[in-house]
Amino acid sequence: EYLTSLIEQYELQKYVFDTGAFSYIKSLEKMASYDVLVIIEANVRPGIFLPSKLIDYSQLDVPILAITPEGSCVSRKITHYGGGVVADCTSDEQILIALSSMLEKWRTEKLSCSYSTGRLYSRFSPDHVMEIYNSIFVEVFTKY
């Protein structure tokens, strides 16, 4: 209810709305048609948490806006492999800068070409995951 009231207060109904529930495949199809996909993480102690949404988003090649704790796994992956913009979830200023940057790229029709998720997805692709498993198996079997 609070979020709905904020959307109405700032007259954002045209831009922010509830899409309802979808199957996993249908949700991927819908998300592929969006301009930006957003990950928002709570300000919790850094760890190895890696939301599966990052992997889903990366395979769609849609720019990602990650509002996440500084140094989080999501932040490190996007910063290193590209695919979007990262903003510290504790900094209103960083969030504003990230939103402004993406909005400017969107206005100039440079959003997609500026934030390809290809390199990011390569880290999670089935082929890469199988390479990792194979190297683990080789290491385990050659030691024993």
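1. In this predicted model, helix α5 takes in the 16 residues 92–107, and at 1.5 Å a residue it should span 22 Å, which agrees with its end C-alpha atoms being 22 Å apart.

2. Which residues of α5 are buried? They are Ile-95, Ala-98 and Met-102, and because these buried residues fall within an arc of 65° when one looks down the axis of α5, they line one face of the helix.

3. The face of α5 turned away from that buried side carries exposed residues, namely Asp-92, Glu-93, Leu-96, Ile-97 and Arg-107, so a residue counts as exposed here when over 50% of its relative accessible area is left open, and as buried when that value is under 20%.

4. As for what the buried residues of α5 pack against, their partners are the strands β2 (64–68) and β3 (84–88), together with the helix α6 (111–114). After α5 comes Glu-109, a residue whose phi is positive, near 60°.

5. The largest pocket of the model holds about 1,400 Å³ of space, and its lining is made up of 29 residues, among them Tyr-15, Val-16, Val-36, Val-38 and Leu-99, which lie nearest the centre of the pocket. The elements that each give two or more residues to this lining are α1 (2–9), α2 (24–32), β1 (37–40), β2 and α5.

6. Which element gives the largest share of the lining of the largest pocket? That share, four residues, comes from α5. By kind, the residues of the lining divide into 23 that are nonpolar, three that are polar and three that are charged.

Note on methods
Residues are numbered from 1 along each chain as its sequence is written. This is a predicted model: local features need pLDDT of at least 70, side-chain atom pairs count only at pLDDT 80 or more; totals for chains, interfaces and linings use all residues. Side-chain values use heavy atoms; hydrogens and water are left out. The expected span of a helix is 1.5 Å times one less than its number of residues. Buried means under 20% relative accessible area, exposed over 50%, partly exposed in between (1.4 Å probe, protein chains only). The arc is that of the directions from the helix axis to the C-beta atoms. Contact means heavy atoms within 4.5 Å. On a 1 Å grid over the protein atoms alone, a cavity is a set of points where a 1.4 Å probe fits but cannot get out, and a pocket is an open set with protein on both sides within 12 Å along at least five of seven lines; lining residues have an atom within 4 Å of a point. Grid points are joined across faces, edges and corners, and a volume is the space filled by probe spheres set on the points. Ala, Val, Leu, Ile, Met, Phe, Trp, Tyr, Cys and Pro count as nonpolar, Asp, Glu, Lys and Arg as charged, and the others, Gly among them, as polar.
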